[in-house]
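Try each task before reading its solution.

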Amino acid sequence: MPSFWTKIIDLLLPPRCICCGKIVGNADGLCADCFNNINFITKPYCAKCGHPFDEAPSSKKMLCGTCLSKKQTPFRLSRSAIRYDDASKNMILAFKFMDKTENAPVFAKWLKLAGADIFDEGVDLIIPIPLHFTRLIKRRYNQAALIATELGKLTHIKVDCTSVVRHKRTKPQVQFSGHARISNVKGAFSVKHPEKLKGKRIVLIDDVMTTGSTLKECALAMKKAGAKSVDTLTIARVC
């Protein structure tokens with residue numbers, strides 16, 4: 001039940017759709033039209049990396065061709081809530097670059113649902129992809145850390161925003177493609193407090209997965225520091 005003060009706030013500042021800005025009846029994030037346009041990722045998808053299948057038996061766990069061909073990967077499981085496309089792009093960019101930080105609680109709800117099987121497997125620690133300190137100063141907030149904090153409140157799992165650092169100032173990944181993305185983030189992350197990660201089952205948070213290069217490099221640093229397992233959760237992924 002919403003509290004008295006929540007009702008007053010909603011009356012004075014009614015919830016708005018995080019995509020189009022239209023007033024909505026609740027704080028779930030999307031109006032009916034935008035909800036129908038956003039492509040949520042649901043089964044069937046790859047049992048490991050979460051890449052959606054166009055057609056596959058939803059009751060059967062299947063792997064995509066990429067996961068079948070790769071014997072070693074730093075991830076246990078990867079999941080994303082929505083597809084990164086024309087319908088979702090502006091909403092995510094507004095959150096990332098235009099101070100729409102009030103969208104973090106909604107995205108966290110989506111991640112909790114998208115990562116249900118990850119949490120069922122067991123998670124000890126939530127860690128956001130860190131920003132280099134120069135980019136953090138310029139942007140003033142780390143969007144991944146905002147989502148991680150809200151997700152921690154929903155799951156009651158500890159959030160660690162300080163043990164992993166981005167010590168290498170990399171260029172934005174959007175400027176690169178293919179192997180250039182891998183080279184750009186190579187060796188970009190390090191662990192300041194390995195004792196806090198040793199033996200832990202970690203879920204790594206970011207906004208968008210494109211090739212996964214940034215997530216993989218960060219996961220490798222955490223596994224090297226002694227993390228037991230690393231899963232990833234992102235708002236969206238390029239499919």
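**Exercise 1. Which strand is joined to β1 by five bridges, and in which direction do the two run?**

Solution. The five bridges lead from β1 to strand β6 (residues 229-237), and the two strands run parallel; strands pair when DSSP finds at least two bridges between them. Helices (H or I, at least four residues) and strands (E, at least two) are DSSP runs, numbered from the N terminus. Finally, consider covering: five of the six residues of β1 (residues 78-83) are buried, where buried means under 20% relative accessible area, exposed over 50% and partly exposed in between, with a 1.4 Å probe and protein chains only.

Before going on, note that this is a predicted model, in which local features need pLDDT of at least 70 and side-chain atom pairs count only at pLDDT 80 or more, while totals for chains, interfaces and linings use all residues. Residues are numbered from 1 along each chain as its sequence is written, and side-chain values use heavy atoms, with hydrogens and water left out.

**Exercise 2. Which strands are joined to β5 by bridges?**

Solution. Begin with strand β2 (residues 125-128), which four bridges join to β5 in parallel; within this pairing, Pro128 has Ile205 as its bridge partner. Then turn to β6, which runs parallel to β5 and is joined to it by eight bridges, with Val208 standing opposite Ala236 in β6. Strand β5 is itself mostly covered, since eight of its nine residues are buried.

**Exercise 3. How many residues make up the largest nonpolar core, and which have the most contacts inside it?**

Solution. The core has 34 residues, and those with the most contacts inside it are Leu30, Ile82, Met91, Trp110, Leu151, Ile205 and Leu233. A nonpolar core is here a set of buried Ala, Val, Leu, Ile, Met, Phe, Trp, Tyr and Cys residues joined through side-chain atoms within 4.5 Å. Among the elements that give two or more residues to this core are β1, β5 and β6, while α5 gives the most, with seven residues. To examine one member, take Ile205, whose contacts (heavy atoms within 4.5 Å) include Leu111, Ile147, Leu151 and Leu233, not counting residues up to four places away in sequence.

**Exercise 4. Which residues lie nearest the centre of the largest pocket?**

Solution. Of the 32 residues lining this pocket, Lys96, Phe97, Pro172, Gln173 and Val174 lie nearest its centre. On a 1 Å grid over the protein atoms alone, a pocket is an open set of points where a 1.4 Å probe fits, with protein on both sides within 12 Å along at least five of seven lines, and lining residues have an atom within 4 Å of a point. Helix α4 gives the most to the lining, with five residues. The volume is about 900 Å³, taken as the space filled by probe spheres set on grid points that are joined across faces, edges and corners.

**Exercise 5. Is Ser213 buried or exposed, and is Ser183 buried or exposed?**

Solution. Ser213, whose place is in helix α11, is buried because its relative accessible area is 9%. Its contacts are Gln173, Arg181, Ile182 and Val185, not counting residues up to four places away in sequence. Ser183, found in helix α9 (residues 179-185), is exposed because its relative accessible area is 52%.
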